[in-house]
Amino acid sequence: MHPKYLRVLTLADILEGHYDGVLTTNKAIARCAQTMVEAYELKMVVPDFGTRLWHELIPLDVLEHKLRTPNPFTVQIRARIEQFIDEVRPHVIHIPVEGPIGQHAMHVARARGIPVTTAWHTHWPRYLPPRLFHLVRPSWIWYALRRFHIQAARVFATNETIAAELGEHGFRNVIAIGRGVDTEIFNPNAASTKPLRYNPSEYQKPFYVNVSRLNVEKNLPAFYESGLLPTLVQIGDGNMRRAYQRRYPEVLFLGEMDQQDIAAHLTTMDVFCFSSLTETFGLVMPEANACGLPVATLADTDPAGYIQN
């Protein structure tokens, strides 16, 4: 017999308040949970390692717990997760990230007999080997991830192509769950109360734009060195920003923005370019589409399945 309220506990390794697909997805889940309070009670547990607190990211009337610890691999954090789970008494636990918080949560949930769902957001077998000097084989990564996700009652993939790939690697109970766009923010008439960070009349069209964290895994040099002319625009920030600005002075770097500002800037652009090789969906692509932009991405990548032509 189903409970009157389905109490869902989400435990996520989300550390920063940057513009991120996993973060955006979980914020959307929280908003939807608020509209269905008669059926669902959502509680979130996320780490706070000296970065922005969750209530600054999701200013919603949901119960939020903060995990404060200098080391997510310590025994203490598992004890805290056990305490949270026992306090919340969830009917289902959702683990969107395969990090240390997720690993501890899976162990506790299995010990308590609580059903777990997981999600496949990052293609780790592609992401990790180049960053570990190819000392780790993709097959080893697939093995570790399979052992984690196979414990879940459902594994949420971002599209049918990825669901099929996971099935080929021995994952079970995989279902494709698409992504949506908040069209109140992302639309061809999007506007912001803040001024644009550049003057379009000072640059030559067409404008090619990318929205991303400026980190190595985003493969941004592929965009900067694409030969697209005359104006390349980069929205976002990250630990590679200074290096990229020095290396690619012809690119217009506009910095980090909130969603409203991103949408307002996208409506002034001509083409959205997506360069990442490790994303499993790329939520920024349908967001750019919603603002009226055509999207170009690299072939033979998971996000390419979103492109119809």
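In β11, Val271 and Cys273 point to one side of the strand while Phe272 and Phe274 point to the other, and all of these residues are buried. This arrangement was found in a predicted model. In a regular strand, side chains alternate between the two faces of the sheet.

β11 belongs to an open sheet of five strands, arranged in the order β10-β9-β8-β11-β12 with parallel pairing. From one strand to the next, the twist averages 25 degrees. Strands of a sheet pair through backbone hydrogen bonds, in either the parallel or the antiparallel sense. Here, β8 is joined to the parallel strand β9 by five bridges, and β8 pairs with β11, also in the parallel sense, over two bridges. Tyr208 takes part in both pairings: this residue stands opposite Leu232 in β9, and its bridge partner in β11 is Val271. On the β12 side, three bridges join β11 to β12, the two strands running parallel, and Phe272 has Val295 as its bridge partner in β12.

The largest nonpolar core comprises 25 residues, of which Phe186, Val209, Leu266 and Phe272 touch the most other members. Two or more residues are contributed by each of β8 (207-211), β9 (231-235), β10 (252-255), α10 (259-266), β11 (271-274) and α11 (284-290). The largest share, four residues, comes from α11. The surroundings of Val209 illustrate the packing: beyond its neighbours within four places in sequence, Val209 is in contact with Phe223, Val233, Ile235, Leu266, Met269, Val271, Phe272, Cys273 and Leu293. A second core of 15 residues is separate and includes Ile77, Ile95, Ala105 and Met106.

Helix packing was also examined for α5. Within this helix (residues 124-131), the buried residues are Pro125, Tyr127 and Pro129, and the buried residues of α5 pack against α6 (138-149). Just after α5, Phe133 adopts a positive phi of about 55 degrees.

Methods:
Residues numbered from 1 in each chain as written. Predicted model: local features only at pLDDT ≥ 70, side-chain atom pairs only at ≥ 80, totals over all residues. Heavy atoms only, no water. Core = buried A, V, L, I, M, F, W, Y, C linked by side-chain atoms within 4.5 Å. Buried < 20%, exposed > 50% of the residue type's maximum accessible area, 1.4 Å probe, protein only. Contact = heavy atoms within 4.5 Å. Pairing = 2+ DSSP bridges. Axes fitted to C-alpha atoms, helices over the stretch in contact; angles between N-to-C directions.
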